[in-house]
Amino acid sequence: MSEIINISASENIISFVADYIVKSGGACAVVSGGKRPSLFLKKALFEKLGKPFLPPRFFTNESFIEYFAAVGTYLKISDIEAAYVIFEITKRDFSPLLKGRKRFAQFLPWAFEILSFIEQLDLENVSEERLKNIKANADIGYDVPENINELLKNIFQIRNSFHKICKDANRITKGMTYLKAAKAQTQNLKEHFDKIILLAPFYLHKSELEVYKKIYDLGKLTVVIQGDPSVYGELSKIYEYFGEKIPVWRGGEKTENDLQIFSAYDGQSQGLLLKNLLADLKEEELSKTAVIVPLAKELPSIISEISSLTQNYNVSAGYPASKTSVFALINSIIQAQLSRKGGRYYAKDAIAVLTNPLVKNMRFFADASVTRIAAHKIERSLSLSSKTALSGKIFFEFNEIYENEELIQDVCASASQAWKPLGKERVIETLKEIFNLLFCVWEKADTLFLFSQTLESFLRELTSYSVAQSYPLNAQSASALLDAAKSLKSGEASQMRFEKEDVLNIFKTLISNIHLSLPGSPLKGLQVLGFLEARNLSFENVFIVSMTDSALPAAKKESPLIPKDIMFALGIEMAKKELEIQKYHFQRITAGAKKVRLIYPQNSKEERSRFIEKLIWQKQFSSNGIDAVKVKSLITPEINAKKEEKRKYKKTDEIKSFLKNLKYSNSKIDAYLRCGLEFYFRYVLGLDEADVVGEEASSADIGIFIHNFLRTVFHRGFKREELKGAEFKKFYLQELSGQFDGSFNLKLREDAFLIKKVLDYRLENFLEREKEREYDFIEVCEKKYLSEIETQSGLYKLECVIDRVDAVGKDRIILDYKTGSVPERLIKARFEEITSELSRKNIKKAAESLQLPLYKYIFEKEEKSFVSSCCLYDVKKGALKEFPMQEGEYEKCVEMIKFILDEINGGDFFEFDADDAPACKTCKYFYLCR
């Protein structure tokens, strides 16, 4: 006989159902929301029986519906195949809906939304009559965009056409399965089961209710409801649908649990707090404990903290596959193909593929270290600082790699040191294999079928030559990708030729939300569960993290196509009931626990969950006091560590010899004035930040462009008379435009148009300023000088590159182009007073930079010409900032240069000076010198 059994939310439902099965006997089946309750139920039955037994047959809701509908002869249609069927139906019969979405990849998001809507119609067994009523209303016009109105008018025809095509191809969807089950008879159940137990249902689709009503009427269904039906409308609905009276709720003995609420800062600190709380539990209590993680993105932080406490845990929550190295590599490969222009690859995206951890550890050369060497050498050669033929290239062809003699020799030399001698031919051939596997073969995949084959072949190579299989998550990621690849092989869509980016974007859409299940023993140790994975389970200790009002309850995404009012009119109320569903599962899991710990991040962006607010209010109401529940915050221990002093570095004999032979430039001298340790790290040790390959142009790149342009138009020997001709301005502007078009660093930027406008404006103003200046001709343009200077401690080498020297009769004017900021004063106030006693501290106070005095000293010594003026040429304003050379300032600056050189080469240490501290915050060597 069928019955509905109502138990308290605080009762252990697994234990109750185990007792019921033992007492009932006979062949029975158990249907639950997920797979996990079956494992716990088997364990409970074994503990109660104490001997081997034949367990009930277990089903999830979906697998039971499939069994009841007897869909064994049908094959499930893949998401892509179903979406393509919708696309073809729409193109054939309702082409206005394709406006602006003529290509399949463009229509794909819409196709998925239409499929989702059709599935909801099927799950709720919405009749054609109700759909026709929607059509009638759509003809009048809903207050929605016209294309949505068109969809509503035609949705029942699209649904019918889709069902027919699926049936003709022997394909079926989840919704069609539920529809078929709603029409099926119960004969096969009579033979197989004496009793079917429906475990703690809450929200049931209309088609499910129809199925279970048939079984109930047959006398074979036991529904175990947990919770008060008078509180939850969905539980009352089950009673009403099965024709039973809602019982007077007695609820049993109510148990009070130990509730504590905690706040932390972010995901990692929540994990740390959780670990501290779990540490208070005994080892045997862990198997009675669940950690519930509503947000998948917080899972890595939680696992990292728990794993440092115990290895006895099991995870059953969707780990985002996008966070694994395998998925990162596939996404990088796809991105490299999307940004490719013919046979030329965008350097930044290509390097992201080559430097992926899995690729760097592939044994292309039988030794993974050589693969890493090759990857980093290629990356370095493409950086702006490499000074090679590939330097700074935004796009490159693979032939440019093979033909770069310097790069190949560099790889060979490093490989010989790390492994064994390699010839150029071997390196080039292996590089060709690498580029073919990672790039070239993907270029030919213009159908989903070919893409699937390419992906399968690549994953085989990846698992053969890399360490991917050594890590469970990577192995599962590869398996998930293979499943996705297989889904692309069936159906008409698999053979259709698409645009290159369409195939890639279709696959990216397909894999964007894949989650992985982590390995472990579901019946042993601490259970780490997603929120829905905890359905129908009971634990003595429950810890829930990330309890914000956006995570728990999580807002279900509304359909962007179908207004919710229309959904409700059709009886599709899943979104409407979502809050009630989550509220029910939360109260059920916490009501049955003896110890409940709730953790939420306390920040300005998120509010704590309304579920916490209600619990606090209930405790306050029952105790008649606002202090009933106190929220505890994560308190980090105070660390009384001794304050580290800045380091100092000994000037060894080798370093002193190096300094003695170093060529000193204004940049080296200015660096030492800013900070002695900066000089040491940068010019003695040669440390600097690595260039990012393919990085967008910076202000330095714009400065280099302007310098190169001015060097071209105002070249050595240029006469001021040439400015008077009308043809020069025309040449000047054409050259500016031509050089800009040839500069990939600037031309390919998103804001290239704006940069060009600014450059045109400033350099036209610069030209007008040049016409006003008086000089005869340009004597020097971008010339490098080597010189010497003698100080008290010896003779030192000097070097500089002077942008420009103008000749004015017998006098010379040194000009240094500045594209950035120009200081207001080159010589500070009270210069003479400050420099009366020379010290590094006083020199920093007296002069902004010693660049121009150094240029004047070197030029006069090497060219034997008198420099009457030294100026910074502000390109932005077209203005000159002249270095004052009256009353001995220049001579004093030369003394300062000598003093600095003596100090660099004197003493026994490079060490921190407290006067340099203000510059520490923006110094790239900040962490090195602590």
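Beyond its neighbours within four places in sequence, N356 is in contact (heavy atoms within 4.5 Å) with S325, A328 and L329. The model is predicted, so local features need pLDDT of at least 70 and side-chain atom pairs count only at pLDDT 80 or more, while totals for chains, interfaces and linings use all residues. Residues are numbered from 1 along each chain as its sequence is written, and side-chain values use heavy atoms, with hydrogens and water left out.

N356 is placed in the loop between α15 (347-354) and α16 (357-360); helices are DSSP runs of H or I with at least four residues, numbered from the N terminus. The relative accessibility of N356 is 6%, so this residue counts as buried (under 20% relative accessible area, 1.4 Å probe, protein chains only). Its side chain reaches the backbone nitrogen of L358 at 2.9 Å.

A nonpolar core is a set of buried Ala, Val, Leu, Ile, Met, Phe, Trp, Tyr and Cys residues joined through side-chain atoms within 4.5 Å. The largest such core has 141 residues, and F64, L431, F439, F451, F458 and F507 have the most contacts inside it. Helix α5 (residues 104-123) gives the most to this core, with 12 residues. Not counting residues up to four places away in sequence, F507 touches I330, I334, F451, L455, L481, A484 and L488. A second, separate core comprises 55 residues, including A847, Y890, I900 and F910.

Helix α29 (residues 676-684) is largely enclosed by the rest of the structure, because 8 of its 9 residues are buried. Among them are F679, Y680 and F681. Just after α29, G686 adopts a positive phi of about 75°.

Key. Buried < 20%, exposed > 50% of the residue type's maximum accessible area, 1.4 Å probe, protein only. Helix = DSSP H or I, 4+ residues; strand = E, 2+ residues; numbered from the N terminus. Polar contact = N/O pair within 3.5 Å; in protein donor to acceptor, adjacent residues only side chain to side chain.
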